[in-house]
Amino acid sequence: MDDFFSAEDVDRLLADSTGILESLRRELRGLTGLIDTGAADLAPGQLRDRAGRIEGDVRRLEVLLEERTQTLRGEVERLAERLSGMAKEKQKFAMLLEISRALSSVTDVDDLLGLILDQANRVTSAERGFLVLVGEGGELDFRAARSSGREDIPDAEREISRSIISQVARTGEALVIPNALSEPGWSEKRSVRELRILSVICVPLRTKGRVTGVVYLESRSVKGLFHETDLELLVAFSVQASIALENANLYGEVRRSRERLSEENFRLKSELRKRFSYGGIIGGGSAMQTVYALIDKVVPSKVNVLVRGESGTGKELIAKIIHYNGPRAQKPFVRVNCAAIPETLLESELFGIEGGTATGVTARPGKFEIADGGTMFLDEIGDMSLVTQAKVLRAIQEKEFERVGGRQPIRVDVRLIAATNIALEKAIEERRFREDLYYRLNVVTILLPPLRERMDDVLSLVRHFLEKHCKEHGIEAKQFSAEAMDLLLSYEWPGNVRELENVVERAVILSSGPIIPCSDLPEPVRGNRAGPPLVPLTWDRPLDDVVGAFEQRCIIAALEECAWVQTKAAEKLGMTERNLRYKMRKYGMSRQRSA
């Protein structure tokens, strides 16, 4: 702008010209007056001199006016040229804005790379465009190549000057080469000579200060196609392209993370369904067959279920089996232990709380909201206060509730499975449990037998827990000695299946060899040597099953005594070795798995 006349300069030029013209007019008026009055004091020579001066002033004024007219004309031309340049700049900025919008709308990296090259070719009129990604170690990845006709260029790595690409990737500085075939430093490059490359423009793509890519454009038919203005425009374009490419990469990472999470979620849900399938229940006696029959009936429905049984009998396992095998398997399974949460907090735990209810309290949903569409398991429901019972009853009947401190009703669809180890009928008589809630929960009751009433399942449970905990702790397979198994089979298990699992896990950890001796069992189990017979004489299952269980015990004892030498064990049992192998296959026995 300093090379241009300002408005003040133009005004000053016009003022000077006007002053000269006014002076000339005064002179002419004076001379005209003298001639009109016929002044005698001026000789003809003086009049000629005066006229000559006026004539000279007129010529000087004409020259000055011509000079200043030319100056003003030049200024107008320069201003018009500048306005034309500004129009071109405006056009370029509009083009950059259009390109930026186009780039920001593409989230697939491969599609974006092609679009970047198409736009770069259009902006610079290049014949070919190449985009090369640069790894952290400087390695080049030729990702995209496009012609001016927006067609992919095959075998891109052979159609480009690697020397030029490498320099820009290494230095991070853009460059313009008007004629690579005659440019010192480039004309001797083999790729330039073989490909007959003329005009080249090349700019880096940067992400977080590091060169992550290079845009390379060329022409093999036009010299000097690219200029500094093209370079400025392409550098600005490369900034937009770098941001778009980084966003696309981030979007791709998010998409892949979502896919991985979706796959992991599906895998975990499949694992849960498998884990809590019917096969997850160990036991085949008549007592458990009754349980299985009830589960079959309630799984496809949405009725509330009351699971009753002593502590450690597996009430939560039954609840999960009902949920994960039913129509709500894809929805949440939410567990609440009513006995473990203080009564003052249980209500807000179940129904949530509104923000501002008390100082520093923020709003949070309750378990009923979290379980919406799924199943809520209320364990130890017999320990719930009457006040909370009333609110649970309303949530079951009306399918709605309010948060603590709230007034807005919240509607939910939740299937309830409740569990207790106390006699609710007695609690009703003692006015510790609401009768109406009892009938809402007790649509179907599943009664789990204690382990002492299904001792024929102990052997299968022991085998299952041995395999499970050896695998969990990374320990080679173990088994109990015959004497230790006698103790396990004769113990009454007041803690039921939970106690049995704890005993097995403890023995797996404490034992130093593959055979777990009696000494690795806890004192209550070891002190039970004078208990019931090895196989309880209960007639709640077929005789063949009882005989089979006893036969398994005898075979395992003989094999252990003979260090699993089958020939000796068969002789000890009074059977052929072939018959022994048949029995072992029948009962799934092996040195690693049998207990």
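Ala126 sits in the loop between helix 3 and strand 1, where helices are DSSP runs of H or I with at least four residues and strands are DSSP runs of E with at least two, numbered from the N terminus. The structure is a predicted model, in which local features need pLDDT of at least 70, side-chain atom pairs count only at pLDDT 80 or more, and totals for chains, interfaces and linings use all residues. Residues are numbered from 1 along each chain as its sequence is written, and side-chain values use heavy atoms, with hydrogens and water left out.

Is Ala126 buried or exposed? Ala126 counts as buried because its relative accessibility is 2%; buried means under 20% relative accessible area, exposed means over 50%, and partly exposed lies in between (1.4 Å probe, protein chains only). Leaving aside neighbours within four places in sequence, Ala126 is in contact (heavy atoms within 4.5 Å) with Asn121, Ser148, Leu217, Glu218, Leu225 and Phe226.

The chain has 595 residues, and 41% of them count as buried. Among contacts with a separation of 6 or more, 69% are made by residues 24 or more positions apart.

Strand 1 (residues 128-134) runs antiparallel to strand 2 (residues 140-147), and seven bridges join the two; strands pair if DSSP finds at least two bridges between them. Together they form a hairpin with five residues between the strands, and in the turn Gly138 has a positive phi of about 90°. Across this pairing, Val132 stands opposite Phe142 in strand 2. In a regular strand the side chains alternate between the two faces of the sheet.

Phe130 is also found in strand 1, and it counts as buried because its relative accessibility is 1%. Not counting residues up to four places away in sequence, Phe130 touches a list of residues that includes Leu117, Ala144, Ile153, Ile160, Val214 and Tyr216. Phe130 and Ala144 are 14 residues apart in sequence, and their C-alpha atoms are 5.8 Å apart in space.

Which elements give two or more residues to the lining of the second largest pocket? The volume of this pocket is about 420 Å³, and the elements are helix 3 (109-124), strand 1, strand 2, strand 5 (210-219) and helix 6 (228-275). Helix 6 gives the most, with nine residues. The lining has 22 residues, and Leu133, Thr212, Leu245, Glu246 and Asn249 lie nearest the centre of the pocket. By class, six lining residues are nonpolar, six are polar and 10 are charged. A pocket, on a 1 Å grid over the protein atoms alone, is an open set of points with protein on both sides within 12 Å along at least five of seven lines, while a cavity is a set where a 1.4 Å probe fits but cannot get out; lining residues have an atom within 4 Å of a point. Grid points are joined across faces, edges and corners, and a volume is the space filled by probe spheres set on the points. Ala, Val, Leu, Ile, Met, Phe, Trp, Tyr, Cys and Pro count as nonpolar, Asp, Glu, Lys and Arg as charged, and the others, Gly among them, as polar.

Arg431 has a phi near 60°, a positive value in a residue other than glycine. Arg431 is placed in the loop between helix 12 (424-429) and helix 13 (435-441), and it is exposed because its relative accessible area is 71%. Asn496 is not a glycine either, but has a positive phi of about 60°. Asn496 lies in helix 16 (residues 496-510) and counts as buried because its relative accessibility is 0%.

Helix 16 also holds Ile509, which is partly exposed, with a relative accessible area of 47%. Leaving aside neighbours within four places in sequence, Ile509 is in contact with His473 and Ile475. Ile509 and His469 are 40 residues apart in sequence and 8.8 Å apart in space, C-alpha to C-alpha.

Finally, Lys583 lies in helix 20 (residues 577-587). Lys583 counts as buried because its relative accessibility is 15%. Its contacts, apart from neighbours within four places in sequence, are with Glu551 and Ile555.
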